[in-house]
Amino acid sequence: MGIAVGIDLGTTNSCVAVVQAQRARVVEDATGKRIQPSVISFHPGGATLAGLKAKERLVIDPKNTIYSFKRLLGRKISSEEMQHITGEFPYSVSEGPDGIPVIQARGQELSLPEVSAIMLKYLREMCTETLGVDIDEVVITVPANFNDVQRSSTKVAARIAGFNVLRILNEPTAAALAYGFGGKLTEKIAVYDFGGGTFDITIIELMDDIFEVLSTAGETFLGGDDFDEKIVEEMRRQFLFMHRYDLGEDPVAMQRVRTVAERIKCQLSNLDEVEATLREIAYGPGGVAIDFSFKITRAKFESMIEALVDKSIATCQESLKLARLDVSSLDNLILVGGSTRIPLVRRKVKEFFNREPRTEINPDEVVAIGAAIHAFSLTGEELPEDLPVPVEPKSGMDSAQKIQKTIMGLPTPLKSDEPSHEDQGLDLPDVLPQAPPAIPKKPTPPAPPVIAMEPDPPAPPIDLVAGEDRILPKDEKGSFSIPMVNAAAASTLLLDVTPRGLGVATAGGYCDQIIERNAAIPVEQSRLFSTSTDNQIEVAINIFQGESRRVEQNTLLGQVQLSGIRPAQRGEVKIKVVFEIDTDGILGVSAVNEETGAAQDTRIQLLGGLNEDQVNALVSKYSKS
Ligand code: AMP
């Protein structure tokens, strides 16, 4: 096994970390950025961009710039969740074969695993460039409540990107690992993860070096994007009132509004009031350009999002109930995800859990750090001290070109770094902070005239295992890193649970649960079925995920076909169906004919996934590029 990295492939941002000389550290890009936007964009010149370069094209070219793709991954187009979100995207999402969503961008049709693979390949090439070695192995994290198809799709995406996936790890488990709670501690911790698109709460028990997930609960559609949307709605409302024009009618204007709304939201985490001006957002009578100034206070913003934040707290309550615990039995609280920087979120969480959260590790990096530690514990391989360390931050055209070259290696357009005609004449909006900073949690630099896109600077590192003083100095190479103890990591045992029940459809539209929600994984459970009609030689078993007794209220994951059954009277032939969930949380289904002991010809077709031929075609497409 070679060196393995940990990747947090986030809805909004992604982060990669690696263990080097006993220390877990974030892998930066060529310009020194530690967080890469999870965005890909198809440039008119033919290049496929990823990361920040792609995000910059969101406003210019929203139709060909794909963001939040993790929200679509592993879903069927007809699913309730998809119905909820597809209209929100400026890019085109339509129904592909077998009901899976496909994205159309610049004349291409792409599946979601392919889109995710482009992002992962970009991260892989970033590792090669920064670390100076090829990285083939990875531990990749997913939300704890990702279902089987979403996990498999993530794994497939990594395979297309040329990675061998060592483990699919739940994000909260990774966060707990990053805090090194395995240092012979016995603790129960809550991981409150509020990101861009989803919210998750997980209760984990640590006993010496065993990490056991006691419960996990989440909201698939609750995140920072919803907070942005509240500001967007308010901006639209005000503009309509002032100018009798709905900005919603212009997709490019809307994308600018969304981008500014997110920046305003982030600034409101540090400021009491923020004002934004969007120049030439629309045109009035006679083609006169209209600028739009929008002002909002933190208090107003908090009143707009309070109900959403309360929803996350209700989910925490649910998670504690599932774990049969109350708040007082918890020993620690970890915050993960960019939305946990919002002061209202911190206040509500602190109030509910009745304790100060642990926030030493940057909430954007903590999951990747944990994944890297786990990768190291699986391979025992780390980067030696003397390999090239993070490249000095660069600026200007050189570094920009360097990124461009690492982007997928797809046909490179002539001078693709030069602004295309589409790029010209569109100025980015100015957002001007108004009020003096509120009492900041950490020293806040004076607000710049234009809101910066960069995430907050990294928090000081912490000691993973022992010692009262967990704050360590920045190391001499200028990178923040976390020391770790080999033995602790290597002996860590992760005991995860399955987030939802798994069952099969039975007569009358009922769902017969085979594996219960929160069952510890890996797990194997079986159930006997019999034929339901005379001379039945084939049977289709529909597999559902969810807790409801009614199939229509659960999610269809796939179908297992059993064939070659001996013709007999109904009920005579018995078939044992075995459900097995592996350590990645991925379901395998097999069936045995009880009469003969022979394994049946089973085929599980994961709806929302790709078949083996499609995956192989994509693997070879991207290995060539
Ligand atoms: P994640 O999915 O963990 O990368 O979180 C991304 C979400 O965090 C996005 O909705 C961001 O807008 C949000 N976010 C990042 N920084 C801040 C901040 N300083 N204040 C409020 N929200 C933030």
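Leaving aside its neighbours within four places in sequence, which residues is Asp200 in contact with? Taking contact to mean heavy atoms within 4.5 Å, Asp200 touches Pro143, Ala144, Asn145, Val191, Tyr192, Asp193, Ala217 and Gly218. You will find Asp200 in strand E14, residues 199-208; strands (E, at least two residues) and helices (H or I, at least four) are DSSP runs, numbered from the N terminus. Asp200 has a relative accessible area of 1%, so it is buried (under 20% relative accessible area, 1.4 Å probe, protein chains only).

A word on the basis of all this: the model is predicted, local features need pLDDT of at least 70, side-chain atom pairs count only at pLDDT 80 or more, and totals for chains, interfaces and linings use all residues. Residues are numbered from 1 along each chain as its sequence is written, and side-chain values use heavy atoms, without hydrogens and water.

Now turn to the ligand. A polar side-chain atom of Glu262 lies 2.6 Å from one of the ligand's oxygen atoms, while a backbone N or O atom of Gly196 sits 3.0 Å from a ligand oxygen. Ser269 places a polar side-chain atom 2.6 Å from a ligand nitrogen. Of the 500 Å² of accessible area that the ligand has on its own, the protein covers 88% (Shrake-Rupley method, 1.4 Å probe).

Helices H6 (224-243) and H7 (251-268) each supply at least two residues of the shell around the ligand, and H7 gives the most, with 3 residues.

Notes. Polar contact = N/O pair within 3.5 Å; in protein donor to acceptor, adjacent residues only side chain to side chain. Buried < 20%, exposed > 50% of the residue type's maximum accessible area, 1.4 Å probe, protein only.
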